[in-house]
Amino acid sequence: MLANQQDYDRIKFLKEEESPYNWDEIFERYSKLKDRQALVSSVLPLQLGDQTINYEYIDYDSEIIQSKKNAADYFWNHANELMEKGDKESYRQAYYEFKKAKEYIGNISNINKLIEDAHWKGISRVLVSFENETPLNLPDQFKKELMDFGVTDFNSEWIEFHTTDPSNNTYYDYFTIINLKKIEVSPEQVQQKDRMESKEIEDGWEYVLDDNGNVVKDSEGNDIKTPKTRTISCTLIETHQYKTAKLEGNIGLVQNKPYKVIKQVPIGAESVFEHISARAIGDVNALSDESKELLKNKSVPFPRDLDLIIDGAETFKKSIRDGLGNLRRLIK
């Protein structure tokens, strides 16, 4: 069979290469040969006309057992060597190789502990903190609200983000600092504009007269009447209230050892208070439906500076998420 010959040729090449890393693939190839033979054996012998087709049975068990043992030895020994190197990439590779060794040899020795240890040491941990560099004394609730931006959404198999230090002994590979550098609150702005709206309405009726001053009759002899109209008007005075709060800063990624500022990206947000109210002078019946709706809005007090700043926290959180997503790609 062509598939068998391809596997034989590949196994021959892998053995001649004499790399201990190859035993994993050699094991897989021998296992496929055995499975394929079992599948073919279930339909043998084949009878084509007066010809009987059969295949010689080959015992692959000894090769499978030996290649499995060799593969297990390689992954076990190499994973332990990787653990001695002491760097993140080596720990992560050791984690996968210990798991591979476990597939071959089961729960022997302390392999589960070694898997956990390799995973723990392979994780890059990032502590996210907030610094208020503005002269304003912001309440703790603002900071709490700001830091509730879903930091765990950025976690992966090998990267963990923390917003608080879970223990004094935790070592952090990176620090992400959210710096609020500037807050600007605009003056309270009030602008008024007015416009006049007019409309013709019916106001009684009058007779239709001919040139001689006589009332015109219709074909049935009835007096012809026509509606009288008059123009009404109303002045709409709109009051526009406007106030903004702008938050600006940056989010930076700092490597712990060696200490190095990797990158800073700008972040910011704007909170806007805008309210339109109106009052009318004149006959409100002259107003359009839209203008009448405006009359329902009454002027309201401007929000306090702090309230407007706190309202901006939600938009600022989105900017933080975008900035952290930008920096996350730089974490190794």
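1. Basis of the note. The model is predicted, so local features are taken only where pLDDT is at least 70 and side-chain atom pairs only at pLDDT 80 or more, whereas totals for chains, interfaces and linings use all residues. Residues are numbered from 1 along each chain as its sequence is written, and side-chain values use heavy atoms, with hydrogens and water left out.

2. The largest core. The largest nonpolar core contains 33 residues, and Phe142, Phe161 and Ile178 have the most contacts inside it. Such a core is a set of buried Ala, Val, Leu, Ile, Met, Phe, Trp, Tyr and Cys residues joined through side-chain atoms within 4.5 Å. Buried means under 20% relative accessible area, exposed means over 50%, and partly exposed lies in between (1.4 Å probe, protein chains only). At least two residues of this core come from each of strands S3 (124-132), S4 (159-162), S5 (174-185), S7 (225-255) and S8 (260-282), and from each of helices H6 (140-147), H8 (305-311) and H9 (313-328). Helix H9 gives the largest share, 5 residues. Helices (H or I, at least four residues) and strands (E, at least two) are DSSP runs, numbered from the N terminus.

3. Ile178 and the second core. Leaving aside residues up to four places away in sequence, Ile178 touches Val128, Ser129, Phe130, Glu131, Met147, Phe149, Asn250, Ile251, Ile267 and Ile320; contact means heavy atoms within 4.5 Å. A second, separate core has 27 residues, including Ile11, Phe27, Phe98 and Ile123. In soluble globular proteins, nonpolar side chains tend to be buried together.

4. Helix H6. Phe142, Leu146 and Met147 are buried in this helix. Seen down the axis of H6, its buried residues fall within an arc of 125°, so they line one face of the helix; the arc is that of the directions from the helix axis to the C-beta atoms. Asp140, Gln141 and Lys144 are exposed on the other side of H6. The cover over the buried residues of H6 includes S3, S5, S7, H8 and H9.

5. A nonpolar surface patch. Trp205, Tyr207, Leu209 and Val215 make a nonpolar surface patch of about 380 Å². Patches are made of residues with over 30% relative accessible area and no salt bridge, with like charges joined within 9 Å and nonpolar side chains (Val, Leu, Ile, Met, Phe, Trp, Tyr) within 5 Å. Accessible areas come from the Shrake-Rupley method with a 1.4 Å probe, and for residues only the protein chains shown count as cover. Val215 is in the loop between strand S6 (189-207) and S7, and counts as partly exposed because its relative accessibility is 31%.

6. Backbone points to check. Lys257 and Pro258 are joined by a cis peptide bond, with omega about -10°, and Pro258 is found in the loop between S7 and S8. Glu18, a residue other than glycine, has a positive phi near 55°. Glu18 is in the loop between helix H1 (2-17) and helix H2 (23-41) and is exposed, at 70% relative accessibility. Most residues other than glycine have a negative phi, and most peptide bonds are trans.

7. Leu14 lies in H1 and is buried, at 2% relative accessibility. Leu14 touches Asn22, Glu25 and Ile26, not counting residues up to four places away in sequence.

8. Salt bridges elsewhere. The whole structure holds 27 salt bridges, each defined as a side-chain nitrogen of Lys or Arg within 4 Å of a carboxyl oxygen of Asp or Glu. Lys121 and Asp117 form one at 3.3 Å between the closest N and O atoms; both residues lie in helix H5 (residues 111-122), 4 residues apart, about one turn of the helix. Arg230 and Asp203 meet in another (3.3 Å, N to O). Arg230 is in S7 and Asp203 in S6, so this pair ties together parts that are 27 residues apart in sequence. Salt bridges that share partners also join Arg10, Glu25 and Arg29 into one network.
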